[in-house]
Amino acid sequence: MYRRLLTGLQSATLRLDVGIQRVLPQDFNPLYYTGGLANLFLTVLVVSGILIFLYYEPSLEGAYASVEFLTRDVPYGVVFRGIHRYAADAYMVAILLHLFRNWFTDRYREARDSQWLSGMVLLVFSGLAGFTGYLLVWDERSQILTSLTVQALRSVPLVGNWLAEVFVGGPGVSDTTLPRFLFLHVGPAMALYVLLWWHYVRLRHPKIWPPAVWVLFGLGLLFILASVLPATSGRPAQPGASPEGFAVDWFYLWPYVLARWMAPGWALALVVALLAYGMVIPYTLRETPEERGLRALGQAVVVDENCTGCELCYYDCPYNAIYMVPSPAPGKSRAAANRKLLAVVVDSRCVECGICIGACPFEALELPRMLDRDVQQRIQRGAQAPAAAAT
Amino acid sequence: MRGAASALALAGFLAVLALVCVAVMVYGEWFDRRLLSSGALGVLLVLYAAIVVLFRKAGITAEE
(Lines give C-alpha, C1' and ligand atoms only; values in the text may rest on other atoms or scores of the structure.)
Protein backbone atom coordinates (compact mmCIF):
# COMPACT_ATOMS: atom_id res chain seq x y z
CA MET A 1 0.00 0.00 0.00
CA TYR A 2 2.73 2.45 1.09
CA ARG A 3 4.88 1.47 -1.89
CA ARG A 4 1.97 1.94 -4.29
CA LEU A 5 1.31 5.37 -2.78
CA LEU A 6 4.96 6.37 -3.27
CA THR A 7 4.94 5.05 -6.84
CA GLY A 8 1.81 7.11 -7.58
CA LEU A 9 3.39 10.21 -6.06
CA GLN A 10 6.54 9.67 -8.11
CA SER A 11 4.51 9.41 -11.28
CA ALA A 12 2.48 12.53 -10.37
CA THR A 13 5.69 14.49 -9.63
CA LEU A 14 7.19 13.59 -13.01
CA ARG A 15 3.93 14.43 -14.80
CA LEU A 16 3.95 17.82 -13.07
CA ASP A 17 7.43 18.40 -14.52
CA VAL A 18 6.17 17.56 -17.99
CA GLY A 19 3.16 19.88 -17.54
CA ILE A 20 5.32 22.81 -16.40
CA GLN A 21 7.69 22.32 -19.31
CA ARG A 22 4.81 22.80 -21.72
CA VAL A 23 4.55 26.37 -20.42
CA LEU A 24 8.13 27.23 -19.48
CA PRO A 25 11.49 26.35 -21.07
CA GLN A 26 13.00 23.30 -19.36
CA ASP A 27 15.81 25.20 -17.64
CA PHE A 28 13.27 27.62 -16.13
CA ASN A 29 11.25 24.86 -14.46
CA PRO A 30 11.07 26.10 -10.84
CA LEU A 31 10.79 22.55 -9.52
CA TYR A 32 14.39 21.96 -10.61
CA TYR A 33 15.51 24.83 -8.38
CA THR A 34 13.57 24.36 -5.16
CA GLY A 35 16.86 24.11 -3.24
CA GLY A 36 18.24 27.17 -5.04
CA LEU A 37 15.02 29.09 -4.33
CA ALA A 38 15.37 28.19 -0.64
CA ASN A 39 18.91 29.64 -0.78
CA LEU A 40 17.58 32.79 -2.45
CA PHE A 41 14.98 33.34 0.27
CA LEU A 42 17.52 32.49 2.98
CA THR A 43 19.80 35.20 1.59
CA VAL A 44 16.89 37.67 1.60
CA LEU A 45 16.17 36.67 5.21
CA VAL A 46 19.77 37.28 6.25
CA VAL A 47 20.01 40.68 4.53
CA SER A 48 16.61 41.95 5.74
CA GLY A 49 17.30 40.42 9.17
CA ILE A 50 20.53 42.41 9.51
CA LEU A 51 18.64 45.62 8.71
CA ILE A 52 15.92 44.79 11.26
CA PHE A 53 18.57 43.79 13.83
CA LEU A 54 20.02 47.31 13.70
CA TYR A 55 16.77 48.67 15.21
CA TYR A 56 15.76 45.77 17.46
CA GLU A 57 16.00 46.07 21.26
CA PRO A 58 15.92 42.67 23.02
CA SER A 59 14.21 43.61 26.28
CA LEU A 60 10.71 43.11 27.69
CA GLU A 61 10.10 46.86 27.75
CA GLY A 62 11.80 47.78 24.50
CA ALA A 63 11.18 44.91 22.05
CA TYR A 64 7.63 45.78 21.01
CA ALA A 65 8.36 49.51 20.86
CA SER A 66 11.48 48.97 18.74
CA VAL A 67 9.56 46.83 16.23
CA GLU A 68 6.80 49.45 16.07
CA PHE A 69 9.40 52.20 15.58
CA LEU A 70 10.91 50.24 12.70
CA THR A 71 7.47 49.68 11.17
CA ARG A 72 6.09 53.21 11.49
CA ASP A 73 8.99 55.66 11.59
CA VAL A 74 11.92 54.17 9.67
CA PRO A 75 11.73 54.88 5.91
CA TYR A 76 10.81 51.61 4.20
CA GLY A 77 11.06 49.86 7.58
CA VAL A 78 7.61 48.34 7.10
CA VAL A 79 8.74 47.01 3.73
CA PHE A 80 11.88 45.40 5.16
CA ARG A 81 9.85 43.86 7.96
CA GLY A 82 7.30 42.53 5.48
CA ILE A 83 10.00 41.15 3.21
CA HIS A 84 11.60 39.38 6.19
CA ARG A 85 8.25 37.93 7.20
CA TYR A 86 7.15 36.74 3.75
CA ALA A 87 10.64 35.52 2.80
CA ALA A 88 10.42 33.23 5.85
CA ASP A 89 7.17 31.75 4.50
CA ALA A 90 8.58 31.48 0.97
CA TYR A 91 11.70 29.81 2.36
CA MET A 92 9.60 27.18 4.14
CA VAL A 93 7.47 26.60 1.01
CA ALA A 94 10.65 26.13 -1.06
CA ILE A 95 12.24 23.65 1.37
CA LEU A 96 9.02 21.67 1.74
CA LEU A 97 8.71 21.45 -2.06
CA HIS A 98 12.38 20.42 -2.16
CA LEU A 99 11.81 17.77 0.50
CA PHE A 100 8.69 16.28 -1.10
CA ARG A 101 10.11 16.34 -4.61
CA ASN A 102 13.25 14.49 -3.52
CA TRP A 103 11.20 12.09 -1.43
CA PHE A 104 8.75 11.26 -4.21
CA THR A 105 11.45 10.87 -6.86
CA ASP A 106 13.58 8.58 -4.68
CA ARG A 107 16.52 10.96 -4.45
CA TYR A 108 17.24 10.09 -0.86
CA ARG A 109 18.21 6.45 -1.12
CA GLU A 110 21.57 4.74 -1.07
CA ALA A 111 24.43 7.23 -1.22
CA ARG A 112 22.10 10.21 -0.98
CA ASP A 113 21.09 9.54 2.62
CA SER A 114 23.70 12.11 3.68
CA GLN A 115 21.77 14.81 1.77
CA TRP A 116 18.48 13.63 3.23
CA LEU A 117 19.70 13.60 6.83
CA SER A 118 21.41 16.99 6.50
CA GLY A 119 18.18 18.27 4.93
CA MET A 120 16.14 17.09 7.90
CA VAL A 121 18.55 18.83 10.30
CA LEU A 122 18.29 21.96 8.14
CA LEU A 123 14.51 21.70 8.44
CA VAL A 124 14.72 21.51 12.24
CA PHE A 125 17.05 24.52 12.48
CA SER A 126 14.94 26.47 9.97
CA GLY A 127 11.78 25.75 11.95
CA LEU A 128 13.47 26.84 15.18
CA ALA A 129 14.77 30.07 13.65
CA GLY A 130 11.36 30.77 12.08
CA PHE A 131 9.34 30.04 15.21
CA THR A 132 11.53 32.18 17.48
CA GLY A 133 11.09 35.06 15.03
CA TYR A 134 7.45 35.26 16.13
CA LEU A 135 8.54 35.56 19.77
CA LEU A 136 10.85 38.52 19.20
CA VAL A 137 7.98 40.92 18.44
CA TRP A 138 6.77 40.38 22.02
CA ASP A 139 3.12 41.02 21.33
CA GLU A 140 0.17 38.99 22.64
CA ARG A 141 0.87 36.18 20.19
CA SER A 142 4.50 35.99 21.33
CA GLN A 143 3.29 35.80 24.91
CA ILE A 144 0.90 32.90 24.33
CA LEU A 145 3.43 31.04 22.14
CA THR A 146 6.00 31.37 24.92
CA SER A 147 3.51 30.10 27.48
CA LEU A 148 2.51 27.08 25.35
CA THR A 149 6.14 26.24 24.59
CA VAL A 150 7.09 26.34 28.25
CA GLN A 151 4.14 24.04 29.06
CA ALA A 152 5.18 21.63 26.30
CA LEU A 153 8.83 21.58 27.38
CA ARG A 154 7.93 21.08 31.07
CA SER A 155 5.99 17.95 30.14
CA VAL A 156 9.15 16.29 28.79
CA PRO A 157 10.16 13.54 31.26
CA LEU A 158 13.27 14.06 33.41
CA VAL A 159 14.70 17.15 31.67
CA GLY A 160 11.48 19.12 31.08
CA ASN A 161 11.99 21.84 33.69
CA TRP A 162 15.59 22.29 32.66
CA LEU A 163 14.59 22.65 28.97
CA ALA A 164 11.95 25.24 29.89
CA GLU A 165 14.51 27.22 31.88
CA VAL A 166 16.99 27.09 29.00
CA PHE A 167 14.24 28.30 26.66
CA VAL A 168 13.20 31.40 28.62
CA GLY A 169 16.57 31.99 30.29
CA GLY A 170 15.45 31.36 33.87
CA PRO A 171 12.59 30.01 35.99
CA GLY A 172 10.13 32.35 34.27
CA VAL A 173 9.91 35.18 31.75
CA SER A 174 12.39 37.86 32.78
CA ASP A 175 14.80 40.39 31.33
CA THR A 176 16.99 37.56 30.08
CA THR A 177 14.15 36.05 28.00
CA LEU A 178 14.27 38.28 24.92
CA PRO A 179 18.08 38.08 24.52
CA ARG A 180 17.66 34.28 24.77
CA PHE A 181 14.98 34.33 22.06
CA LEU A 182 17.22 36.53 19.92
CA PHE A 183 20.03 34.00 20.27
CA LEU A 184 17.63 31.12 19.46
CA HIS A 185 16.60 33.07 16.33
CA VAL A 186 20.01 34.15 15.04
CA GLY A 187 22.07 31.15 16.22
CA PRO A 188 20.19 28.47 14.25
CA ALA A 189 19.99 30.82 11.26
CA MET A 190 23.79 31.15 11.24
CA ALA A 191 24.17 27.39 11.68
CA LEU A 192 22.16 26.89 8.47
CA TYR A 193 25.19 27.83 6.40
CA VAL A 194 27.37 25.22 8.11
CA LEU A 195 24.62 22.64 7.58
CA LEU A 196 24.40 23.64 3.93
CA TRP A 197 28.05 22.69 3.56
CA TRP A 198 27.14 19.21 4.88
CA HIS A 199 24.18 19.18 2.51
CA TYR A 200 26.41 19.82 -0.54
CA VAL A 201 29.61 18.05 0.38
CA ARG A 202 28.85 14.88 -1.57
CA LEU A 203 27.19 16.50 -4.58
CA ARG A 204 29.22 17.15 -7.69
CA HIS A 205 26.93 19.69 -9.40
CA PRO A 206 24.45 21.10 -6.86
CA LYS A 207 22.14 23.80 -8.21
CA ILE A 208 22.57 26.28 -5.39
CA TRP A 209 20.99 29.31 -7.06
CA PRO A 210 17.92 29.65 -9.28
CA PRO A 211 17.96 31.25 -12.76
CA ALA A 212 17.68 35.06 -12.95
CA VAL A 213 14.01 34.73 -13.93
CA TRP A 214 13.13 33.17 -10.60
CA VAL A 215 15.36 35.56 -8.64
CA LEU A 216 13.49 38.49 -10.19
CA PHE A 217 10.10 36.84 -9.73
CA GLY A 218 10.80 35.82 -6.12
CA LEU A 219 12.08 39.25 -5.09
CA GLY A 220 9.21 40.94 -6.93
CA LEU A 221 6.66 38.75 -5.17
CA LEU A 222 8.19 39.61 -1.78
CA PHE A 223 8.03 43.35 -2.49
CA ILE A 224 4.41 43.04 -3.64
CA LEU A 225 3.35 41.03 -0.57
CA ALA A 226 5.21 43.35 1.81
CA SER A 227 3.41 46.33 0.26
CA VAL A 228 -0.09 44.92 -0.15
CA LEU A 229 -0.19 42.99 3.15
CA PRO A 230 2.24 44.82 5.46
CA ALA A 231 3.45 42.82 8.44
CA THR A 232 1.97 44.18 11.66
CA SER A 233 2.12 43.36 15.36
CA GLY A 234 -0.77 42.45 17.65
CA ARG A 235 -1.39 44.24 20.91
CA PRO A 236 1.68 44.48 23.15
CA ALA A 237 2.29 41.68 25.62
CA GLN A 238 1.07 42.45 29.14
CA PRO A 239 2.89 41.05 32.18
CA GLY A 240 0.71 38.40 33.83
CA ALA A 241 -1.95 38.44 31.10
CA SER A 242 -3.00 35.20 29.35
CA PRO A 243 -4.45 36.07 25.95
CA GLU A 244 -6.65 33.39 24.38
CA GLY A 245 -6.56 33.49 20.59
CA PHE A 246 -3.75 34.33 18.17
CA ALA A 247 -3.28 34.61 14.43
CA VAL A 248 -1.85 31.40 13.00
CA ASP A 249 0.95 31.15 10.48
CA TRP A 250 0.61 27.58 9.22
CA PHE A 251 4.15 27.23 7.99
CA TYR A 252 5.77 27.70 11.39
CA LEU A 253 3.04 27.58 14.01
CA TRP A 254 0.99 24.52 13.02
CA PRO A 255 2.03 22.57 16.16
CA TYR A 256 0.36 25.31 18.20
CA VAL A 257 -2.90 24.73 16.34
CA LEU A 258 -2.72 21.11 17.51
CA ALA A 259 -2.36 22.41 21.05
CA ARG A 260 -5.99 23.58 20.82
CA TRP A 261 -7.12 19.94 20.79
CA MET A 262 -4.40 18.22 22.79
CA ALA A 263 -2.03 18.99 25.63
CA PRO A 264 1.03 20.99 24.47
CA GLY A 265 3.25 18.10 25.54
CA TRP A 266 1.47 15.72 23.15
CA ALA A 267 1.75 18.26 20.31
CA LEU A 268 5.51 18.42 20.98
CA ALA A 269 5.69 14.61 21.05
CA LEU A 270 3.91 14.50 17.68
CA VAL A 271 6.41 16.95 16.15
CA VAL A 272 9.34 14.93 17.51
CA ALA A 273 7.77 11.69 16.18
CA LEU A 274 7.31 13.22 12.70
CA LEU A 275 10.92 14.41 12.64
CA ALA A 276 12.14 11.01 13.84
CA TYR A 277 10.18 9.37 11.01
CA GLY A 278 11.70 11.87 8.58
CA MET A 279 15.18 10.87 9.72
CA VAL A 280 14.61 7.16 9.07
CA ILE A 281 12.83 7.55 5.71
CA PRO A 282 15.99 6.62 3.72
CA TYR A 283 16.16 3.36 5.63
CA THR A 284 12.50 2.32 5.35
CA LEU A 285 11.37 -0.08 2.66
CA ARG A 286 14.91 -0.17 1.37
CA GLU A 287 15.71 -3.39 -0.44
CA THR A 288 19.09 -4.88 0.33
CA PRO A 289 21.42 -5.51 -2.62
CA GLU A 290 20.81 -9.24 -2.11
CA GLU A 291 17.03 -8.73 -2.42
CA ARG A 292 17.58 -6.95 -5.70
CA GLY A 293 19.85 -9.69 -6.96
CA LEU A 294 22.94 -7.51 -7.00
CA ARG A 295 26.30 -8.66 -5.88
CA ALA A 296 28.89 -6.43 -4.28
CA LEU A 297 30.81 -4.81 -7.11
CA GLY A 298 33.69 -3.21 -5.29
CA GLN A 299 34.61 0.45 -5.63
CA ALA A 300 35.73 1.80 -8.97
CA VAL A 301 39.42 1.38 -9.71
CA VAL A 302 41.55 3.55 -11.99
CA VAL A 303 43.54 1.61 -14.58
CA ASP A 304 46.69 3.66 -14.30
CA GLU A 305 48.17 2.80 -17.68
CA ASN A 306 45.06 3.92 -19.59
CA CYS A 307 44.13 7.14 -17.72
CA THR A 308 44.75 10.23 -19.89
CA GLY A 309 43.82 12.78 -17.21
CA CYS A 310 40.94 14.05 -19.38
CA GLU A 311 38.73 14.74 -16.31
CA LEU A 312 35.53 13.35 -17.88
CA CYS A 313 35.00 10.96 -14.97
CA TYR A 314 35.75 13.77 -12.52
CA TYR A 315 32.98 15.93 -14.00
CA ASP A 316 30.49 13.08 -14.39
CA CYS A 317 30.72 11.50 -10.93
CA PRO A 318 27.63 12.78 -9.08
CA TYR A 319 29.04 11.74 -5.72
CA ASN A 320 32.25 13.78 -5.81
CA ALA A 321 34.17 10.52 -5.49
CA ILE A 322 36.86 11.20 -8.12
CA TYR A 323 39.68 13.69 -7.76
CA MET A 324 42.33 14.68 -10.25
CA VAL A 325 45.91 14.81 -8.99
CA PRO A 326 49.16 15.69 -10.80
CA SER A 327 50.29 12.60 -12.61
CA PRO A 328 53.48 11.13 -11.04
CA ALA A 329 54.42 9.38 -14.30
CA PRO A 330 53.14 9.12 -17.88
CA GLY A 331 50.60 6.41 -18.74
CA LYS A 332 51.62 3.41 -20.76
CA SER A 333 48.99 3.64 -23.49
CA ARG A 334 49.59 5.95 -26.41
CA ALA A 335 46.72 8.25 -25.43
CA ALA A 336 47.99 8.49 -21.84
CA ALA A 337 51.63 9.12 -22.67
CA ASN A 338 51.45 12.91 -22.27
CA ARG A 339 48.99 13.15 -19.43
CA LYS A 340 49.36 15.89 -16.81
CA LEU A 341 46.69 14.60 -14.41
CA LEU A 342 45.62 11.26 -13.00
CA ALA A 343 42.17 10.28 -11.67
CA VAL A 344 41.98 9.00 -8.10
CA VAL A 345 38.89 7.34 -6.62
CA VAL A 346 37.93 8.21 -3.03
CA ASP A 347 36.78 4.79 -1.82
CA SER A 348 34.58 6.10 1.00
CA ARG A 349 32.51 8.14 -1.47
CA CYS A 350 32.25 5.64 -4.31
CA VAL A 351 28.82 3.99 -4.51
CA GLU A 352 29.75 1.54 -7.28
CA CYS A 353 27.25 3.07 -9.70
CA GLY A 354 29.45 2.68 -12.79
CA ILE A 355 28.81 6.19 -14.15
CA CYS A 356 32.55 6.90 -14.34
CA ILE A 357 33.00 3.80 -16.48
CA GLY A 358 30.35 5.09 -18.88
CA ALA A 359 32.10 8.50 -18.92
CA CYS A 360 35.58 7.19 -19.70
CA PRO A 361 36.36 6.62 -23.41
CA PHE A 362 39.79 5.14 -22.61
CA GLU A 363 38.76 2.12 -20.50
CA ALA A 364 40.68 3.63 -17.62
CA LEU A 365 38.12 2.80 -14.95
CA GLU A 366 36.55 -0.46 -13.93
CA LEU A 367 34.43 -2.03 -11.25
CA PRO A 368 36.66 -4.95 -10.46
CA ARG A 369 33.84 -7.46 -9.94
CA MET A 370 31.65 -6.48 -12.87
CA LEU A 371 31.96 -6.82 -16.62
CA ASP A 372 31.92 -3.67 -18.73
CA ARG A 373 28.83 -4.99 -20.58
CA ASP A 374 26.92 -5.31 -17.28
CA VAL A 375 27.79 -1.73 -16.34
CA GLN A 376 26.51 -0.42 -19.69
CA GLN A 377 23.23 -2.33 -19.23
CA ARG A 378 22.86 -0.96 -15.73
CA ILE A 379 23.37 2.66 -16.87
CA GLN A 380 20.85 2.17 -19.70
CA ARG A 381 18.27 0.75 -17.31
CA GLY A 382 18.78 3.75 -15.02
CA ALA A 383 18.39 6.17 -17.93
CA GLN A 384 15.20 4.51 -19.17
CA ALA A 385 13.46 4.23 -15.77
CA PRO A 386 12.61 7.95 -15.28
CA ALA A 387 11.38 8.24 -18.88
CA ALA A 388 9.15 5.19 -18.43
CA ALA A 389 7.75 6.57 -15.18
CA ALA A 390 6.95 9.91 -16.87
CA THR A 391 4.95 8.34 -19.70
CA MET B 1 8.05 32.75 -36.45
CA ARG B 2 4.58 34.02 -35.66
CA GLY B 3 4.98 32.75 -32.05
CA ALA B 4 8.26 34.63 -31.73
CA ALA B 5 6.69 37.84 -33.03
CA SER B 6 3.77 37.66 -30.60
CA ALA B 7 6.15 36.91 -27.70
CA LEU B 8 8.23 39.96 -28.62
CA ALA B 9 5.09 42.10 -28.93
CA LEU B 10 3.95 41.00 -25.48
CA ALA B 11 7.45 41.67 -24.10
CA GLY B 12 7.26 45.17 -25.56
CA PHE B 13 3.90 45.76 -23.89
CA LEU B 14 5.29 44.55 -20.55
CA ALA B 15 8.29 46.87 -21.01
CA VAL B 16 5.88 49.80 -21.32
CA LEU B 17 4.13 48.63 -18.14
CA ALA B 18 7.56 48.48 -16.48
CA LEU B 19 8.10 52.14 -17.39
CA VAL B 20 4.75 52.97 -15.79
CA CYS B 21 5.96 51.16 -12.66
CA VAL B 22 9.07 53.34 -12.61
CA ALA B 23 6.83 56.43 -12.77
CA VAL B 24 4.72 55.06 -9.90
CA MET B 25 7.88 54.44 -7.86
CA VAL B 26 8.99 58.06 -8.36
CA TYR B 27 5.48 59.30 -7.49
CA GLY B 28 5.39 57.15 -4.33
CA GLU B 29 8.80 58.37 -3.16
CA TRP B 30 7.98 62.00 -3.98
CA PHE B 31 4.69 62.05 -2.09
CA ASP B 32 5.82 59.81 0.77
CA ARG B 33 3.67 56.83 -0.24
CA ARG B 34 6.36 54.27 0.19
CA LEU B 35 4.18 51.17 0.19
CA LEU B 36 3.06 52.23 -3.29
CA SER B 37 6.69 52.67 -4.32
CA SER B 38 7.78 49.27 -3.07
CA GLY B 39 4.70 47.60 -4.55
CA ALA B 40 5.54 49.13 -7.93
CA LEU B 41 9.13 47.89 -7.54
CA GLY B 42 7.75 44.39 -6.92
CA VAL B 43 5.57 44.52 -10.03
CA LEU B 44 8.55 45.84 -12.01
CA LEU B 45 10.70 42.85 -10.97
CA VAL B 46 7.92 40.39 -11.86
CA LEU B 47 7.53 42.10 -15.25
CA TYR B 48 11.27 41.79 -15.88
CA ALA B 49 11.03 38.07 -15.11
CA ALA B 50 8.15 37.69 -17.58
CA ILE B 51 10.10 39.63 -20.22
CA VAL B 52 13.11 37.31 -19.84
CA VAL B 53 10.82 34.27 -20.36
CA LEU B 54 9.23 35.88 -23.42
CA PHE B 55 12.65 36.70 -24.88
CA ARG B 56 13.59 33.05 -24.48
CA LYS B 57 10.36 31.98 -26.20
CA ALA B 58 11.20 34.36 -29.02
CA GLY B 59 14.62 32.70 -29.33
CA ILE B 60 16.58 35.65 -27.96
CA THR B 61 19.13 34.24 -25.58
CA ALA B 62 22.73 34.85 -24.64
CA GLU B 63 23.49 31.15 -24.81
CA GLU B 64 24.71 29.80 -28.13
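This is a predicted model: local features need pLDDT of at least 70, side-chain atom pairs count only at pLDDT 80 or more; totals for chains, interfaces and linings use all residues.
**First stop: helices H4 and H9 of chain A**

Please select residues 77-104 of chain A, which form helix H4, together with residues 212-228 of chain A, which form helix H9. Their axes lie 8 Å apart and meet at an angle of about 125 degrees, so H4(A) is oblique to H9(A). The crossing of H4(A) past H9(A) is right-handed. To display the contact, select Val79(A), Gly82(A), Ile83(A), Tyr86(A), Ala87(A) and Ala90(A) on H4(A). On H9(A), the partners are Gly218(A), Leu222(A), Phe223(A), Leu225(A), Ala226(A) and Ser227(A). Coloured by type, the residues of this contact comprise nine nonpolar and three polar, with no charged residue.

**Second stop: helices H6 and H7 of chain A**

Next, select residues 140-154 of chain A for helix H6 and residues 160-168 of chain A for helix H7. Here the axes are 7 Å apart, at an angle of about 150 degrees. Because angles over 145 degrees count as roughly antiparallel, H6(A) is described in that way relative to H7(A). H6(A) contributes Thr146(A), Thr149(A), Val150(A), Leu153(A) and Arg154(A) to the contact. From H7(A) come Gly160(A), Asn161(A), Leu163(A), Ala164(A), Phe167(A) and Val168(A). The residues of this contact are six nonpolar, four polar and one charged.

**Last stop: chain B against chain A**

Finally, bring both chains into view. How many residues of chain B are in contact with chain A? There are 14 on chain B, and they touch 20 residues of chain A. On the chain B side, nine are nonpolar, three polar and two charged.

Note on methods:
Residues are numbered from 1 along each chain as its sequence is written. Chains are lettered from A and ligands numbered from 1 in the order in which they are written. Two residues are in contact if their C-beta atoms, placed from the backbone, lie within 7 Å. Ala, Val, Leu, Ile, Met, Phe, Trp, Tyr, Cys and Pro count as nonpolar, Asp, Glu, Lys and Arg as charged, and the others, Gly among them, as polar. Axes are lines fitted to C-alpha atoms, for helices over the stretch in contact, and angles run from 0 to 180 degrees between N-to-C directions. Helices (H or I, at least four residues) and strands (E, at least two) are DSSP runs, numbered from the N terminus. Angles under 35 degrees count as roughly parallel, over 145 as roughly antiparallel, 65 to 115 as roughly perpendicular and the rest as oblique. A crossing is left-handed if the near helix is turned anticlockwise from the far one by less than a right angle, and right-handed if clockwise.
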